[in-house]
Amino acid sequence: MTPADPGALAPARARELFRGGLRTPTAGWCRGWTQANLLAVPRALAYDLLLFGQRNPKSCPVLDVGDPGAFGTEIFGGDLRTDLPGYRVYENGEPVAEPAEVTGLWRDDLVAFLIGCSFTFEDALVQAGVPVRHLAAGTNVPMFVTSLKCRPAGALAGPLVVSMRPVPASLVAEAVRITARYPAVHGAPVHVGDPAEIGVTDLGRPDFGDPVEVRPGEVPMFWACGVTPQAAVMASGVPFAIGHLPGHMAVTDVRDHRFLVP
């Protein structure tokens, strides 16, 4: 059962609930604690993913990398195989399963990457009076595959994925200012305004997550999204990988302010 105030939970307690089978998007959970995207790939592909992150830092900001076979990292004190609220398994680039845990699928050669998530700056937006629609609605953030291409790295190539938040026109500059101070978790938006300019044709039909209402006087704002590496896994036909279910993040033991710059 989802707690009455998931934002008040400590990371360890949230991970305990997920390990017990709770399946839910994590936007708004564990206020003040950084959330991260997970992608685990075979060691033979790990350098390519690290290079992909270096070449595409807006969409793939690498926060931590585990040792081969390890299911924890320095910033995540839980078990990456069981302590997320949803996983997605890929074979030959195709999503083949969305299990509650991946203990039986974890391999000794898998290298886990934790990648920055824009949920990290959402509390700062709320505190500044910038509405975050999916938080208010209790739904998953809408995410879209764009027509923009990432810079390839080795065996990995693919499109940029973005998350979208509608913001009143009078608060757009404030939203840009706030999020720009979190460069390690996607930073400022990559696009503001007409979705068609980045190849998004229907805001009511996100590729991942849930649609949200865009009200009169609001401007759609698009931030680079940590699902981008999973899009590269799909576009590149990677033989095997394990990621988080989009929007169902790894809650780390690091405070959000660690990634805030003056």
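**View 1. The sulfur of Cys225 sits 7.3 Å from the closest cysteine sulfur, that of Cys117, which is too far for a bond.** The model shown here is predicted, so local features need pLDDT of at least 70 and side-chain atom pairs count only at pLDDT 80 or more, while totals for chains, interfaces and linings use all residues. Residues are numbered from 1 along each chain as its sequence is written, and side-chain values use heavy atoms, with hydrogens and water left out. A disulfide is a pair of cysteine sulfur atoms within 2.5 Å, and the structure holds zero of them. Cys150 is accordingly in no disulfide, and the nearest cysteine sulfur, in Cys60, is 8.3 Å away. Cys225 is buried, with 7% relative accessibility, and Cys150 is buried at 7% too. Here buried means under 20% relative accessible area, exposed means over 50%, and partly exposed is in between, using a 1.4 Å probe and protein chains only.

**View 2. The whole protein is built from six helices and eleven strands.** Both element types are DSSP runs numbered from the N terminus: helices are H or I with at least four residues, and strands are E with at least two. With a radius of gyration of 17 Å, against the 18 Å that the globule rule gives for 262 residues, the protein is as compact as a globular protein of that length. That radius is taken over C-alpha atoms, and the rule is 2.2 Å times the number of residues to the power 0.38. Along the principal axes, the C-alpha atoms fill a box of roughly 50 × 40 × 35 Å. Of the 262 residues, 56% are buried. A contact means heavy atoms within 4.5 Å, and among contacts between residues at least 6 apart in sequence, 77% join residues at least 24 apart. The accessible surface is about 10600 Å², with 53% of it belonging to carbon and sulfur atoms; areas come from the Shrake-Rupley method with a 1.4 Å probe, and for residues only the protein chains shown count as cover.

**View 3. Asn37 is found in strand 1, which spans residues 33–42.** At 3% relative accessibility, Asn37 is buried. Its side chain makes a polar contact of 3.1 Å with the side chain of His244. A polar contact is a pair of N or O atoms within 3.5 Å; within protein, one must be able to donate a hydrogen and the other to accept it, and residues adjacent in sequence count only if both atoms are side-chain atoms. Leaving aside residues up to four places away in sequence, Asn37 touches a list of residues including Phe113, Cys117, His186, Val227 and Met249.

**View 4. Helix 5 (residues 172–180) buries Val172, Ala175, Ile178 and Thr179.** These residues cover an arc of only 130 degrees around the axis, so they lie on the same side of helix 5; the arc is that of the directions from the helix axis to the C-beta atoms. As a handy reminder, an α-helix has 3.6 residues a turn, so residues three or four places apart point the same way. The buried residues of helix 5 pack against helix 3 (122–127), strand 7 (159–168), strand 8 (191–192) and strand 9 (218–224). Ala169 lies in the loop between strand 7 and helix 5 and is partly exposed, at 48% relative accessibility. Ala169 touches Gly217, Glu218 and Val219, not counting residues up to four places away in sequence. The C-alpha atoms of Ala169 and Val219 are 5.7 Å apart, although 50 residues separate the two in sequence.

**View 5. Helix 6 (residues 228–236) has Thr228, Pro229, Gln230, Ala231, Ala232 and Val233 buried.** Their cover includes strand 1, helix 2 (43–55), strand 3 (87–91), strand 5 (110–116), strand 7 and strand 10 (240–244). Gly237 follows helix 6 and has a positive phi, near 65 degrees.

View 6. Most residues other than glycine have a negative phi.
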